Amino acid sequence: MSNEAVLREYMNTRTQVTYDDIDLVAKYILEKVKCRPKLGIICGSGLGKLADSVENKEIIPYSEIPGFPVSTVPGHEGKLVFGTLGGKNVILMQGRSHCYEGYPAQKTTLPVRVMHLMGVKTLFVTNAAGGINRNYNIGDIMIIKDHVNLAGFAGVNPLVGPNDTRFGPRFPPMSRAYDLNIRQLALRLAKGMGFGDFIREGVYSMMVGPNFETVTECRLLQIVGVDATGMSTVPEVLVAKHCGMTVFGMSLITNMVIMEYDVENTANHEEVLETGERRSKDLQKLVTAIVQELELN
């Protein structure tokens, strides 16, 4: 049996993945690519075309990586894309896995820990989200300044369980989860590109899904100060900050949530993908400009 087959069989039988297990996966990936990334980008629903801007591509499907969660959702291609973007070495995740697919939070965030052990210091997270803020419009880009971990209120948190201090502390702070300097840079660049009419800054929340929210749930989110809601991102940010990464996040507002009772309109995944397609070039342009100006360690 080859070393790859041994690792695959080993990872598939693990009920709890350790630091050493993740280190094996990171080394397995690095043996297959020349790129040594310092920046990771996670692409959400319909946002995978960010990878079109990457040069000198090296691609590995998730299905070929031992222990890696494979997405089953339309709009998530399921590939790691290595290369250069804005002159920087990057790794892009074309699609992510979610808790609603049946994965525990620790499994959905395994790729973030793998990136950390591959040398990634900065993580960009993107997602498609429903607009809670009534001043938002479909197609707006929201820079995330904070989040509400509603799933965490119910115990869905990737940091639950034994803590390995080689990753980070038992009780990591989240009061400054989203880097202020990159947020300010993104706002400045977006306005300079003429994106001022559709660039926002706000608070994101995660619901586990896969159902879209009820009217009352959306009204509750509005009361607590949420501007946009989705079904991802927060677990990845928790793990990234636990590992000491610098984090920047953006939501593409792909639909406006239903806030009125007894109306016929409903949210659907098709409009999510359609808006992602329509705004993809603007996102590519903005992300590339941000990466060009970043100073990565």
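**Overview of the protein chain.** Buried means under 20% relative accessible area, exposed over 50%, and partly exposed in between, with a 1.4 Å probe and protein chains only. By that cut-off, 55% of the 297 residues of the protein chain are buried. The model is predicted: local features need pLDDT of at least 70, side-chain atom pairs count only at pLDDT 80 or more, and totals for chains, interfaces and linings use all residues. Residues are numbered from 1 along each chain as its sequence is written, and side-chain values use heavy atoms, leaving out hydrogens and water. The protein chain has nine helices and nine strands. These are DSSP runs numbered from the N terminus (helices: H or I, at least four residues; strands: E, at least two). Contact means heavy atoms within 4.5 Å. Among contacts with a separation of 6 or more, 81% join residues 24 or more positions apart. Areas come from the Shrake-Rupley method with a 1.4 Å probe; for residues, only the protein chains shown count as cover.

Strand 5 spans residues 122–131. Ten of its ten residues are buried, so strand 5 is largely enclosed by the rest of the structure. Strands pair if DSSP finds at least two bridges between them. Strand 1 (residues 39–43) runs parallel to strand 5 over four bridges; Ile41 is bridged to Phe124. Strand 9 (residues 246–256) is also parallel to strand 5, with ten bridges. There, Leu123 faces Val247. Strand 8 (residues 228–230) pairs with strand 5 in the antiparallel sense over two bridges. Gly131 has Ala228 as its bridge partner.

Helix 9 covers residues 269–293 and includes Thr288. Thr288 counts as buried because its relative accessibility is 17%. Its side chain reaches the backbone oxygen of Gln284 at 2.7 Å. Beyond neighbours within four places in sequence, Thr288 is in contact with Ser53, Leu85 and Gly86.

**Close-up of a nonpolar surface patch.** Leu220, Ile223 and Val224 make up this patch, with about 320 Å² of accessible area together. Patch residues have over 30% relative accessible area and no salt bridge; like charges are joined within 9 Å, nonpolar side chains (Val, Leu, Ile, Met, Phe, Trp, Tyr) within 5 Å. A salt bridge is a side-chain nitrogen of Lys or Arg within 4 Å of a carboxyl oxygen of Asp or Glu. Ile223 lies in helix 7 (residues 215–223). Ile223 counts as exposed because its relative accessibility is 70%.

Technical notes: Polar contact = N/O pair within 3.5 Å; in protein donor to acceptor, adjacent residues only side chain to side chain.
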